Amino acid sequence: MEILVRRLAYTNVARCLSTSLTRSPPNFRTRFTSQIGSLCSFSDSSTQSTACSVSTGDAAVNCLGFRTWHNGGGTFHHSACIDTTAVIEIGAVVHSKSVVGASVHIGSGSVIGHAVTIGQSTKIGFNVALSNCTVGDFCVIHNGVCIGQDGFGFFVDEHGTMKKKPQMLNVKIGTNVEIGSNTCIDRGSWRDTVIGNNTKIDNLVQIGHNVIIGDCCMLCGQVGIAGSVTIGDYVTLGGRVAIRDHVSVGSKVRLAALSCVTKDIKEPGDYGGFPAIPISAWRRQVAKHSEASRKK
């Protein structure tokens, strides 16, 4: 008896579903797809129509022109140029007119903004946000990195109102650069922000707008670089080093942890302290201060 009741129930449900589908408007499937976005894998060319439709093959397209990437299940805009060997994990989004090179891997939750370029064999972690930037070949961008957002630029007008300065330029990341988790790099306002080839950046580093960093530099954790700073090649910044705005640091300079740069450093060598001075002078200052404290 119980089996008979279940069969009758299933029959009624199927009959009701068939009736509702028959009475649905002709564009039912189209409207359904526009709400849920891309559902299936897609491996066709990017020249197909962007209208709301459901393909009879293996592609589902929504009204905004987004589709599901065949390798990883992520979402991409039809106007993006993506190499077939790239992996876009489920939950990642590649926006319009972006370029993704060969063997690129984009982790879940990452967003590649409009017209961003990513070079070949670059690895992008989870929850990365890239906008207004180009990224070179063989880079590694770890989880939570934000690149290309507006810099911190404001002024007070004649009425005493705080106004935002336009931030309209880009970030250029060189080749073989590694950027640690939760690091932020702001886009330029009067010149592009640039990170040179083979530079390595630790976690939680802030790089302001218009900053230019040379090749083969190393920036340790919690370094803060204010806007419009210029840094040469082979520069090493210890943990929590701070550099004020519009300062230049020459090539082959090394700064001890917790140092603060307040004026230009032109000669190569080791520096430390607040304000940063040659390391030997800073050590003498520390020794004298320690001796004076003991005498008290």
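Buried means under 20% relative accessible area, exposed means over 50%, and partly exposed is in between, with a 1.4 Å probe and protein chains only. By that scale aspartate 245, at 32% relative accessibility, counts as partly exposed. The model is a predicted one, in which local features need pLDDT of at least 70, side-chain atom pairs count only at pLDDT 80 or more, and totals for chains, interfaces and linings use all residues. Residues are numbered from 1 along each chain as its sequence is written, and side-chain values use heavy atoms, with hydrogens and water left out.

Begin with the strands. Strands (E, at least two residues) and helices (H or I, at least four) are DSSP runs, numbered from the N terminus. Two strands pair if DSSP finds at least two bridges between them. Strands of a sheet pair through backbone hydrogen bonds, either parallel or antiparallel.

Strand S13 (residues 129-130) runs parallel to strand S16 (residues 146-149), and 2 bridges join them. Here leucine 130 has isoleucine 147 of S16 as its bridge partner. S16 also pairs with strand S21 (residues 184-186), in the parallel sense, over 3 bridges. In that pairing, cysteine 146 has cysteine 184 of S21 as its bridge partner. S21 in turn runs parallel to strand S24 (residues 206-207), joined by 2 bridges. Cysteine 184 stands opposite glutamine 206 in S24.

A second open sheet has 9 strands. Their order is S5-S8-S11-S14-S19-S22-S25-S28-S31, with parallel pairing. At the edges stand strand S5 (81-82) and strand S31 (248-249). Each of these has a single partner strand, so one side of each lacks a neighbour in the sheet. Within this sheet, strand S25 (residues 212-213) and strand S28 (residues 230-231) pair in the parallel sense over 2 bridges. Isoleucine 212 has threonine 230 of S28 as its bridge partner.

Next, look at a loop. Asparagine 143 sits between strand S15 (140-141) and S16. Its relative accessibility is 37%, so asparagine 143 counts as partly exposed. What does asparagine 143 touch, not counting residues up to four places away in sequence? The answer is Gly125, Phe126, Val128, Ser181 and Asn182 (contact means heavy atoms within 4.5 Å). The side chain of asparagine 143 also reaches the backbone nitrogen of phenylalanine 126 at 2.8 Å. Asparagine 203 is 60 residues away along the chain from asparagine 143, and their C-alpha atoms are separated by 9.6 Å.

Charged pairs come next. A salt bridge is a side-chain nitrogen of Lys or Arg within 4 Å of a carboxyl oxygen of Asp or Glu. The whole structure holds 5 salt bridges. In one of them, the side chains of arginine 187 and aspartate 150 meet at 3.4 Å, N to O. Arginine 187 lies in the loop between S21 and strand S22 (193-195), and aspartate 150 in the loop between S16 and S17, so the pair ties together parts that are 37 residues apart in sequence.

Lysine 172 belongs to strand S19 (residues 171-173) and aspartate 192 to the loop between S21 and S22, so the pair ties together parts 20 residues apart in sequence. Lysine 172 counts as partly exposed, at 42% relative accessibility.

Aspartate 245 returns here. Its side chain meets that of arginine 244 in a salt bridge of 4.0 Å, N to O. Arginine 244 is partly exposed, with a relative accessible area of 42%. Elsewhere, salt bridges that share partners join Asp150, Lys164 and Arg187 into one network.

Finally, turn to the surface. Phe152, Phe154, Val156 and Met162 form a nonpolar patch there, with about 470 Å² of accessible area together. One of them, phenylalanine 154, lies in strand S17 (residues 154-156). Phenylalanine 154 is partly exposed, with a relative accessible area of 38%. Patches are made of residues with over 30% relative accessible area and no salt bridge; like charges are joined within 9 Å, and nonpolar side chains (Val, Leu, Ile, Met, Phe, Trp, Tyr) within 5 Å. Accessible areas come from the Shrake-Rupley method with a 1.4 Å probe, and for residues only the protein chains shown count as cover.

Definitions and conventions:
A polar contact is a pair of N or O atoms within 3.5 Å; within protein, one must be able to donate a hydrogen and the other to accept it, and residues adjacent in sequence count only if both atoms are side-chain atoms.
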